[in-house]
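Take a walk through this model, one region at a time. Keep the sequence and the structure side by side as you read.

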Amino acid sequence: MIEKIQTLLQRVEAFAPQTAAEIEEFRIKVLGKKGELTALMEEFKSVAPELKRELGQKLNHLKSAALERINTLKGELEEKQMAQSSEVGDMSRPGSAEGLGSRHPISLVKNQIVEIFSRLGYTVAEGPEIEDDWHVFSALNFPPEHPARDMQDTFFIEKQPDILLRTHTSSIQVRTMEHQKPPIRVICPGRVFRNEAISYRAHCIFHQVEGLYIDKGVSFADMKQSLLYFAKELFGESATIRMRPSYFPFTEPSAEVDVSCNLCGGKGCNVCKGTGWLEIMGCGMVDPNVLTANGIDPKEYSGFAFGMGVERIAMLKYGVKDLRLYFENDVRFLHQFDSAL
């Protein structure tokens, strides 16, 4: 019997099948109910008691070896088939569409804003996010006691009170005026930072697009017509704007710009709170003090500036009611903009 066990073990170890059918046939022949191992187990019942211990161990070893060999051969055969399939492709597999990503809604709106103003001759200008006091505040006519300089609004760099995270992209306008003589016509997109409590309508990180136009004879009427053109291009030909008096340290006169609600057509709804208008940006004529601080003669040149929050525009354009959705990277939210590429 020992010779039979040894012979069967050698056959198991030497078995080299080419197909899964051969493996299954061998498994049934060796381990099946009527297989060779079962026959040896029946013969084991009649051996002398003093031989049962040795023969039992050999039979158990044979069974384990046979199971392990069969499982190994199955795994090797599957890997081989997968490798062959990956080279030429599984011709029987149904086709599936490849998932494509999309641009973030903030990027979509920012690019659209920049593209609209580029038609009016504006070029894109960029600047650092970590700035100094001069470019963020002083050069823009912010008095030393202005609330925007307070720690509760601005992120200052520790141990360097003159260095901070920019609170607006107006700092790019300052750098442009420093290095470029009029005429100047730039659009300044970028990320800005303010020490705000995060909620559905506010965030400590957001994006702005600001514009600056300086030349001889630039008037308030030029600004109004430029912003009206922008509103119609972004929100539709039926859009209209209105300007309300406001205050900004770097412009005089200053105004807030509202656009007619594109959801209700100006009739009043929940989004516009029944007014028919939606606030989209601030604007104004560049203050002469700002021109002087940046080496431009206010007696020879004039200009206007405007700025808008990209998240605000995106919320109005896409009907998004919670600002935090733009920062959470929830693919269920982002996939809604796949078709907006």
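In which hand, left or right, does helix 5 pass helix 8? The crossing is right-handed. A crossing is called left-handed if the near helix is turned anticlockwise from the far one by less than a right angle, and right-handed if clockwise.

Some ground rules come next. This is a predicted model, in which local features need pLDDT of at least 70, side-chain atom pairs count only at pLDDT 80 or more, and totals for chains, interfaces and linings use all residues. Residues are numbered from 1 along each chain as its sequence is written, and side-chain values use heavy atoms, with hydrogens and water left out. Helices (H or I, at least four residues) and strands (E, at least two) are DSSP runs, numbered from the N terminus.

Start with helix 5 and its partners. Two packed helices are described by the angle between their axes and the distance between the axes. Axes are lines fitted to C-alpha atoms, for helices over the stretch in contact, and angles run from 0 to 180 degrees between N-to-C directions. Helix 5 spans residues 105–118 and helix 8 spans residues 220–235. Their axes come within 10 Å and cross at roughly 130 degrees. The two helices are therefore oblique to each other. The cut-offs are these: angles under 35 degrees count as roughly parallel, over 145 as roughly antiparallel, 65 to 115 as roughly perpendicular and the rest as oblique.

Which residues meet here? Helix 5 brings Q112, I113, I116 and F117. Helix 8 answers with L227, Y229, F230, E233 and L234. Contact means heavy atoms within 4.5 Å. By class, this contact has seven nonpolar residues, one polar and one charged. Ala, Val, Leu, Ile, Met, Phe, Trp, Tyr, Cys and Pro count as nonpolar, Asp, Glu, Lys and Arg as charged, and the others, Gly among them, as polar.

Helix 5 also packs against helix 10. Here the angle is about 100 degrees, with the axes 9 Å apart. Helix 5 and helix 10 are therefore roughly perpendicular to each other. From helix 5, P105, I106, L108, V109, K110, Q112 and I113 take part. They meet V310, E311, I313, A314, K317 and Y318 in helix 10. This contact divides into nine nonpolar, one polar and three charged residues.

Now look at burial. Buried means under 20% relative accessible area, exposed over 50%, and partly exposed in between (1.4 Å probe, protein chains only). In helix 10, the buried residues are V310, E311, I313, A314, M315 and L316. Their cover includes helix 5, strand 6, helix 8, strand 9 and strand 10. After helix 10 comes G319, whose phi is positive, near 70 degrees.

Next, the nonpolar cores. Such a core is a set of buried Ala, Val, Leu, Ile, Met, Phe, Trp, Tyr and Cys residues joined through side-chain atoms within 4.5 Å. The largest one has 45 residues. F117, L227, F306 and M308 have the most contacts inside it. Helix 5 gives the most to this core, with seven residues. Leaving aside neighbours within four places in sequence, M308 is in contact with residues including I113, F117, F230 and I313. Apart from this core lies another, of 23 residues, among them F137, I172, I214 and F248.

Move on to helix 7, residues 170–179. Seven of its 10 residues are buried, so helix 7 is largely enclosed by the rest of the structure. I172 is one of the buried residues. The cover over them includes strand 2, helix 6, strand 5, strand 6, helix 9 and strand 10.

Finish with the backbone. Most residues other than glycine have a negative phi, and most peptide bonds are trans. A cis peptide bond joins P182 and P183, with omega about 5 degrees. P183 lies in the loop between helix 7 and strand 5. Another cis peptide bond joins E252 and P253, with omega about 0 degrees. P253 is found in strand 8.

N141 has a positive phi, near 70 degrees. N141 counts as partly exposed, at 26% relative accessibility. D287 touches both N141 and E252. D287 itself is buried, at 11%. N329 has a positive phi as well, near 55 degrees. N329 sits in the loop between helix 10 and helix 11, and N329 is exposed, at 52%.
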